[in-house]
Amino acid sequence: MLCLPAAPGLHRFRSPFDIAAIAVRGAADGPTLLVSAGVHGDEYEGVRAIFETVESLDAGALRGTLLTVPVLNYPAHRAVTRHHPADGANLARQFPGRADGTASEQLAHAFSTDFLPHADFYLDLHSGGIRFAMPSMAGYEAADPRGRAAAEAFGAPVIWGHPVIEPGRTISAARALGIPFLYTEARGAGRIHPEDLLMMRRGITNLMRHLGMLDGAPEIPAPPRRLQGIGNIGRAA
Ligand SMILES: [Zn+2]
């Protein structure tokens with residue numbers, strides 16, 4: 001497992017596998033919220049939401065650590081492709097990965113071993129990317145009250161409780177470690193919709209409030225539509 005910076009403030013660093021991370025360590029102790037984006041290389045809302053959040057976060061007011069990986073699948077991001085250019089694989093089907101596997105499996109393994117074990121809560125930000133258009137939502141595991149409570153606090157217009165978390169996802173690797181989680185979807189379709197960027201920025205902050213890392217109650221703009229059940233909408237997660 002990666003050793004995190006101990007001093008309060010903002011830290012930019014790279015993991016041994018060369019995954020770029022930004023951590024904001026609070027002045028007081030508290031939980032670690034892990035947030036990732038860019039599992040798919042053509043999704044940008046979460047990347048931008050993470051950068052804007054860490055830049056505006058006051059470490060002096062924070063309890064615990066906001067640990068972020070803004071662009072998890074950097075090779076795909078650089079190639080402007082959904083999938084990893086070395087093997088053409090969907091990174092969101094490779095978790096928990098293998099140390100001696102394909103490029104995508106190795107990347108999944110590195111994130112699973114270096115980053116996920118730090119998390120008291122895990123949020124993975126997805127969207128429709130360039131090719132797809134998705135509803136803006138937060139998804140959780142219906143049977144996990146920690147995920148459901150976090151989804152209610154997130155402030156998304158739609159929250160979806162899934163009875164089954166399919167294997168291979170970042171969130172299934174988190175689940176295997178006992179870490180509660182949420183994922184998002186957003187419109188995508190080749191641009192960053194301002195409302196989706198706002199949803200993600202507000203959602204990260206709301207989660208920190210929900211977890212006791214920041215003062216104040218989560219800001220919920222409107223009661224969410226609540227969906228339950230299986231559905232292939234989780235495709236991109
Ligand atoms: Zn995605």
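Guide: The sheet is open, has nine strands and mixed pairing, and runs in the order β1-β2-β4-β3-β5-β8-β6-β7-β9. Its edge strands are β1 and β9 (225-228), and each of these pairs on one side only. From one strand to the next, the twist averages 20°.

Some ground rules come next. This is a predicted model: local features need pLDDT of at least 70, side-chain atom pairs count only at pLDDT 80 or more, and totals for chains, interfaces and linings use all residues. Residues are numbered from 1 along each chain as its sequence is written. Helices (H or I, at least four residues) and strands (E, at least two) are DSSP runs, numbered from the N terminus. Two strands pair if DSSP finds at least two bridges between them.

Strand β1 (residues 9-14) pairs with strand β2 (residues 20-25) in the antiparallel sense, over six bridges. His11 has Ala23 in β2 as its bridge partner. Phe13 stands opposite Ala21 in β2. In a regular strand, side chains alternate between the two faces of the sheet.

The hairpin of β1 and β2 has five residues between the strands. Asp18 is in that loop between β1 and β2. Its phi is positive, about 75°, although Asp18 is not a glycine. Most residues other than glycine have a negative phi. Asp18 is exposed, because 9 other C-beta atoms lie within 10 Å. The cut-offs are these: 20 or more other C-beta atoms within 10 Å of a residue's own means buried, 12 or fewer means exposed, and anything in between means partly exposed, with C-beta atoms placed from the backbone.

Contact here means that the C-beta atoms of two residues, placed from the backbone, lie within 7 Å.

Helix α6 lies across β3, β4, β5, β6 (137-141) and β8. It runs at about 175° to β5.

Helix α6 (residues 194-210) also packs with helix α4 (residues 145-154), at an angle of about 130° and with their axes 8 Å apart. The two helices are therefore oblique to each other. On this scale, under 35 degrees is roughly parallel, over 145 is roughly antiparallel, 65 to 115 is roughly perpendicular, and the rest is oblique. The crossing of α4 and α6 is right-handed. That label applies if the near helix is turned clockwise from the far one by less than a right angle; anticlockwise is left-handed. Ala150, Ala153 and Phe154 in α4 meet Gly203, Asn206, Leu207 and His210 in α6.

Ile192 is in the loop between β8 (181-185) and α6. With 19 other C-beta atoms within 10 Å, Ile192 is partly exposed. Leaving out residues up to four places away in sequence, Ile192 touches Tyr44, Glu45, Arg48 and Leu197. Ile130 is 62 residues from Ile192 along the chain, and their C-alpha atoms are separated by 10.0 Å.

Next, the loop between α2 (74-79) and α3. Val80 is in this loop. Val80 has a positive phi of about 55° although it is not a glycine. It is exposed, with 11 other C-beta atoms within 10 Å. Pro96 is in the loop between α2 and α3 too. A cis peptide bond joins Phe95 and Pro96, with omega about 10°. Most peptide bonds are trans.

His109 lies in helix α3 (residues 103-114). It counts as buried, with 20 C-beta neighbours inside 10 Å. Beyond four places in sequence, His109 touches Pro96, Gly97, Arg98, Ala99 and Gly101.

Finally, the whole chain. It has six helices and nine strands. Its radius of gyration, taken over C-alpha atoms, is 16 Å, close to the 18 Å that the globule rule gives for 237 residues, so the chain is as compact as a globular protein of that length. The rule is 2.2 Å times the number of residues to the power 0.38. Of the 237 residues, 48% count as buried.

Key. Axes are lines fitted to C-alpha atoms, for helices over the stretch in contact, and angles run from 0 to 180 degrees between N-to-C directions.
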